[in-house]
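Look at the structure first, then read on.

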Amino acid sequence: MLAQLPDDFSALVLGASGGIGHAVLEALLASQKPGRIIAVSRHALKLEDPRLECLALDITTQEGQGALAAHLEDTPLHLVFNAIGMLHDDDAGIAPEKRFEDLEFDALAHLFHVNAAAPVMLFKTLKGSLQGQHPVIFASLSARVGSIEDNGLGGWYAYRASKAAHNMLLKNAAIELKRLNRQAIVLCLHPGTTDTGLSQPFQARVPEGKLFTPDFVAKHLLEVMDQRRPEDSGSFWDWAGEPIPW
Ligand SMILES: NC(=O)c1ccc[n+]([C@@H]2O[C@H](COP(=O)([O-])OP(=O)(O)OC[C@H]3O[C@@H](n4cnc5c(N)ncnc54)[C@H](OP(=O)(O)O)[C@@H]3O)[C@@H](O)[C@H]2O)c1
């Protein structure tokens, strides 16, 4: 697993109770290679492993990011896997827009906050753990629909645009982080359509065989990360290891 990283590497998984985040956490726990795993989600996880530290906090808030920084105390991190993101929120009345009439200031701002601002704020929060000379992979889940070049269908304004913003912010962060750690690899990853709460209302349209399990996706995303090198930092890949145009 992740041949670029040393034995006993330290991993941070954000969104560890979400479908894909949890599957990546399980894959890390199934391997002997990680020596320390910090799992962050808004609700406490019930998992036992001597290498595991579970934190219940919301990294979309200043308080949550501050609590994470206080916990880490600038100790080196080798893997950061960010799996937070949202498409819809039934309680808040947020759903992907189909037409101009569906556009709402609040929904646009909220998705930009969760999908784009929170991930890039992690670089400020984790700077002390990322800088140095140790190998680092910082992978954050994006979505193919965030590709401007790939947009042939329209719709889903807030989700598409917040993922495009995510990608620009991560590209920027890759450039700055290279100056602080020449071994750092920053990646935007598309998991493919995966059977989780996020995709659940939209699964009817997914072609046969194209709805992946979270375990399948976790395995493939770890392989995609394994194949990347520092010269790939600031790039966008799908679950199958194919590059995606911005
Ligand atoms: N599923 C797909 O088909 C698909 C396709 C393309 C891209 N993606 C991307 O993959 C990532 C993971 O999605 P998933 O499918 O695993 O979905 P999921 O099961 O709904 O998990 C989403 C995660 O995001 C966090 N989150 C959601 N809304 C939040 C909010 N308002 N504040 C703070 N945290 C919030 C949740 O955190 P807690 O752990 O704290 O609950 C959860 O862990 C997302 O970025 C998504 O855009 C998914």
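The largest cavity is lined by Leu-87, Ile-94, Ala-95, Pro-96, Glu-97, Leu-111, Trp-156, Ala-158 and Tyr-159. Bear in mind that this is a predicted model.

**The cavity**
- The space in the largest cavity comes to about 30 Å³.
- Its lining has 8 nonpolar residues and 1 charged residue, with no polar ones.
- Glu-97 is the charged residue, because Glu counts as charged.

**The second largest pocket**
- This pocket has a volume of about 170 Å³.
- The most comes from α5, which gives 6 residues.
- Lining residues include Val-120, Phe-123, Leu-130, Leu-169 and Leu-180.
- Also among them are Lys-124, Lys-127, Asn-172 and Glu-176.
- By class, the lining of the second largest pocket has 7 nonpolar, 1 polar and 3 charged residues.

**The surface patch**
- Phe-100, Leu-103 and Tyr-157 form a nonpolar patch on the surface.
- Together, these residues have about 300 Å² of accessible area.
- Where does Leu-103 lie? Leu-103 is in the loop between β4 (79-82) and α3 (105-125).
- Leu-103 counts as partly exposed because its relative accessibility is 31%, and partly exposed covers the range between under 20% (buried) and over 50% (exposed).

Technical notes: Residues numbered from 1 in each chain as written. Predicted model: local features only at pLDDT ≥ 70, side-chain atom pairs only at ≥ 80, totals over all residues. Heavy atoms only, no water. 1 Å grid on protein atoms, 1.4 Å probe; cavity = no way out; pocket = protein on both sides within 12 Å on 5 of 7 lines; lining within 4 Å. Points joined across faces, edges and corners; volume = space filled by probe spheres on them. Patch = residues over 30% accessible without salt bridge, like charges linked within 9 Å, V, L, I, M, F, W, Y side chains within 5 Å. Areas by Shrake-Rupley, 256 points an atom, 1.4 Å probe, with all protein chains shown as cover. Salt bridge = Lys/Arg side-chain N within 4 Å of Asp/Glu carboxyl O. Helix = DSSP H or I, 4+ residues; strand = E, 2+ residues; numbered from the N terminus. Buried < 20%, exposed > 50% of the residue type's maximum accessible area, 1.4 Å probe, protein only.
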